[in-house]
Amino acid sequence: MARNSRQSKILELISLQEIETQEELVSALRDANFDVTQATISRDIKELGLIKILTDSKKYKYAVVNSTTQALSNKCLNIFKECVISIKNASNLTVVKAIKGTAGMVSSLIDQLSLSQILGCTYGDDTVLIVSSDNDDAYFVKDKLNSLLN
């Protein structure tokens with residue numbers, strides 16, 4: 001569980017901050033009370049399939065591969081399965097309840113799906129709100145997310 005928790009935190013951190021080096025990631029994790037080494041982070045980066053992308057400020061940062069042709073890694077799917085508690089629809093909205101503190105990571109993984117039925121996605125501490133243009137699209141999104149859980 002510690003590895004999954006750490007990797008969930010890594011995904012959350014890289015979605016919220018521009019982390020350029022493994023040392024910066026180690027420091028951010030230590031600030032979040034994770035006792036890690038650079039070697040551990042190196043393995044996590046490989047398992048999560050993280051890449052470095054160029055930002056608007058001409059710096060590189062870690063990011064999750066975001067391609068419609070690339071499936072989510074098994075590791076990301078496992079983390080998603082462990083964090084999501086429920087998925088429900090309310091009209092054109094899909095509400096995903098997650099373990100406290102993991103909604104950012106869950107939201108990031110949902111964004112990676114690049115579903116055309118999703119107009120936007122936002123999150124709090126334990127809830128992800130997905131907006132679709134109509135009820136049918138929202139039900140499609142719910143079904144797609146549920147299929148990831150099974």
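This text walks through the structure from the whole chain down to single residues.

The model is predicted, so local features need pLDDT of at least 70 and side-chain atom pairs count only at pLDDT 80 or more, while totals for chains, interfaces and linings use all residues. Residues are numbered from 1 along each chain as its sequence is written, and side-chain values use heavy atoms, with hydrogens and water left out.

The chain contains six helices and six strands. Helices (H or I, at least four residues) and strands (E, at least two) are DSSP runs, numbered from the N terminus. Along the sequence they come in the pattern α-α-α-β-β-α-β-β-α-β-β-α. The chain has a radius of gyration of 15 Å, close to the 15 Å that the globule rule gives for 150 residues, so it is as compact as a globular protein of that length. Here the radius of gyration is taken over C-alpha atoms, and the globule rule is 2.2 Å times the number of residues to the power 0.38. The C-alpha trace spans about 45 × 35 × 25 Å along its principal axes.

How much of the chain is buried? Of its 150 residues, 41% count as buried. Buried means under 20% relative accessible area, exposed means over 50%, and partly exposed lies in between (1.4 Å probe, protein chains only). The chain exposes about 8100 Å², and carbon and sulfur atoms supply 48% of this area. Accessible areas come from the Shrake-Rupley method with a 1.4 Å probe; for residues, only the protein chains shown count as cover.

Contacts (heavy atoms within 4.5 Å) show how the chain folds back on itself. Among those with a separation of 6 or more, 55% are between residues 24 or more positions apart.

In helix α4 (residues 74-83), the buried residues are K75, C76, L77, I79, F80 and C83. An α-helix has 3.6 residues a turn, so residues three or four places apart point the same way. What do the buried residues of α4 pack against? They pack against the helices α1 (2-16), α3, α5 (103-112) and α6 (135-149), and also against β3 (84-90) and β4 (93-98). Helix α5 is mostly covered, with nine of its 10 residues buried. These nine are A103, G104, M105, V106, S107, S108, L109, I110 and Q112. Just after α5, S114 takes a positive phi of about 50 degrees.

Helix α3 (residues 38-48) includes L48. L48 is buried, with a relative accessible area of 2%. The C-alpha atom of L48 is separated by 23 Å from that of G124, a residue 76 positions away along the chain.

Next come the charged residues. The count of salt bridges comes to five, where a salt bridge is a side-chain nitrogen of Lys or Arg within 4 Å of a carboxyl oxygen of Asp or Glu. One of them joins D44 and R6, whose closest N and O atoms are 2.5 Å apart. This pair links distant parts of the chain, with D44 in helix α3 and R6 in helix α1, 38 residues apart. D44 is buried, at 1% relative accessible area, and R6 also counts as buried, at 13%.

Another salt bridge is formed by the side chains of D126 and K97, at 3.8 Å from N to O. D126 lies in the loop between β5 (120-123) and β6 (127-131) and K97 in strand β4, 29 residues apart. D126 is partly exposed at 29% relative accessible area, and K97 is partly exposed at 32%.

D125 forms a salt bridge with K100, the closest N and O atoms being 2.9 Å apart. D125 is in the loop between β5 and β6 and K100 in the loop between β4 and α5, so the pair ties together parts that are 25 residues apart in sequence. D125 is partly exposed, with a relative accessible area of 40%, whereas K100 is exposed at 67%.

Finally, two loop residues have positive phi values. N33, in the loop between α2 (22-31) and α3, has a positive phi of about 70 degrees although it is not a glycine. N33 counts as exposed, at 72% relative accessibility. S91, in the loop between β3 and β4, has a phi near 60 degrees, a positive value in a residue other than glycine. S91 counts as partly exposed, at 47% relative accessibility.
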